[in-house]
Number of protein chains: 2
Amino acid sequence: MITKEKIADAYQLIQDEICTGLELADGSAKFQEELWQRDGGGGGRTRIIQGGSVIEKGGVNFSAVYGKLPENIKKAFGVSEDDFFATGVSIVIHPNHPWIPIIHMNIRYFEMNGESGKELRWFGGGIDLTPHYVIEEDARFFHTELKNTCDRFQAEFYAKFKKWADDYFYIKHREETRGIGGIFYDRLNPASTGLEWESIFEFSKAVGRTFLPVYTEIILRNRNKSFTEEQKLWQFQRRSRYVEFNLVYDAGTKFGLETNGRIESILMSMPPQANWVYDYSAPYGSEEEKTLKLLKKEINWVS
Amino acid sequence: MITKEKIADAYQLIQDEICTGLELADGSAKFQEELWQRDGGGGGRTRIIQGGSVIEKGGVNFSAVYGKLPENIKKAFGVSEDDFFATGVSIVIHPNHPWIPIIHMNIRYFEMNGESGKELRWFGGGIDLTPHYVIEEDARFFHTELKNTCDRFQAEFYAKFKKWADDYFYIKHREETRGIGGIFYDRLNPASTGLEWESIFEFSKAVGRTFLPVYTEIILRNRNKSFTEEQKLWQFQRRSRYVEFNLVYDAGTKFGLETNGRIESILMSMPPQANWVYDYSAPYGSEEEKTLKLLKKEINWVS
């Protein structure tokens, strides 16, 4: 049987594996850990890495929190339950190299308990990639690896979760996707997946363990490429779109800000530097223009 | 009698005056104008100034738009009116110099018409200052000048609108104000002010005309001060708070993004460069710490 404790333990182990692996991939920077406790119950391990040879700023955070459900959350969920438990691992990495993409991963488990006696628990998560420059070969590799992980559990997962990511990571006011997407899923339970709880838990861990080999490979492919000052400026501009998405649309960020979460852990997703250039227009035929054309929904990267 | 046309004409003139004055104060950069038209009716003059000797990036925008009220706005206002008209001038200036503050000004007029026969129109606006470093003498000067303008129209205006700005320009998740505030007001009409429409219109213009002399004076006081590389980095950090406020809380920005406004005009308020530093803590006794202590509500700058 899966229990809250087992899930939290597994997630902590995944956090450890990823931090160790990212330090090796970076080659110079080390994570700094901050342990924190939540007033209402539980706490977390915020781990930040900065100023590396690859990673300019990144966070790999674990938390497991519990307590009484705030009234506004009850309302939002339309439930009368009193207690909740939530655990997860959240990652955002901002590399210093414009040819290496920003990556985001989250795996999480949530449950509510109360007088209703209903089973209100589920897994959520996903991995998505935000290249400053879309490299089609890397995009295909990334999506194929995600599909391979999904396919081990259910034939429809990849297509469904890929579309979910396209729809979720969309910057409506720019009419562009945040990056090349990936997978995004929420409220996975036996009813929504046809899988047993054990298998859904295995899937959640498998997503967590897809992160490191995939991102390490993409780092290796690109870390020795040279780049220009103009390409750095383009990177800063793309990061400003990342800021816009996270502050305007991202449900996790909004939830954190509204429920008085630990601000520095929530906003570790912000890039070290972002630039806004008024009314930028990519030169015809440029790499920048090519990238903008690929920041669209419904691109099939695995055919 | 005040008419839509008169108000829009007056606002355009104020835009012209301010652009001319800011070019003189900057001494090198010139505004670039873009005229745009709105599909549903009306349009505007977006004017952007960049790369100046004082102004790194700024916008002084005029718009006058009209048409059918979108359904979601009707709902938000709780009205059944069909037509609207809105005109205003909006300014955000990001100086390159860390000792010169960011400034924001807005004057606007809005009306709705329909079968209700009710008089649904009002003026709104304000001016507020966001210093990277709070200079108390400048803060007192700024607030005193705003108070002088307010006092010419009504004794309670300054106190009321100063508190309104404190409450509005508040970054809840940081527990700090965006800057040192200023004045903010909305829905001014004879019922809410005890003034005739003519006087409220005069007040709106007076606010618009307070901007230039006040900001020019603050530029002159600080433009020749020297600054360090660390102070530039602090400036970039403060700008990231400006980004957070505008994308998470600002009603005007949200309204623009949700109603498919002209994105580049709305987001001209974004700084040219913003930095996020993880878990920054200002050194004890530093200028940075002093500034953070002054980013609080309810500081009396005019006593």
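Colleague: What is the crossing of α3(A) and α6(A), left-handed or right-handed?

Modeller: In this predicted model, local features need pLDDT of at least 70 and side-chain atom pairs pLDDT 80 or more, whereas totals for chains, interfaces and linings use all residues. Residues count from 1 along each chain as written, chains are lettered from A and ligands numbered from 1 in written order, and side-chain values use heavy atoms, without hydrogens and water. A crossing is right-handed if the near helix is turned clockwise from the far one by less than a right angle; that of α3(A) and α6(A) is right-handed.

Colleague: How are α3(A) and α6(A) oriented relative to each other?

Modeller: Helices are DSSP runs of H or I with at least four residues, and strands are runs of E with at least two. The axes (lines fitted to C-alpha atoms over the stretch in contact; angles from 0 to 180 degrees between N-to-C directions) of α3(A), residues 136–151, and α6(A), residues 197–222, come within 10 Å and cross at roughly 160 degrees. This makes the two helices (over 145 degrees) roughly antiparallel.

Colleague: Which strands stand at the edges of the sheet in chain A?

Modeller: The open sheet has 7 antiparallel strands in the order β1-β2-β3-β4-β5-β6-β9, where pairing requires at least two DSSP bridges. Each edge strand has a single partner, so one of its sides lacks a neighbour in the sheet; these strands are β1 (32–37) and β9 (181–188).

Colleague: What is the bridge partner of T87(A) in β5(A)?

Modeller: Strands β4(A), residues 83–95, and β5(A), residues 102–113, pair in the antiparallel sense over 11 bridges. In β5(A), T87(A) has as its bridge partner Y109(A).

Terms used: Parallel < 35°, antiparallel > 145°, perpendicular 65-115°, else oblique.
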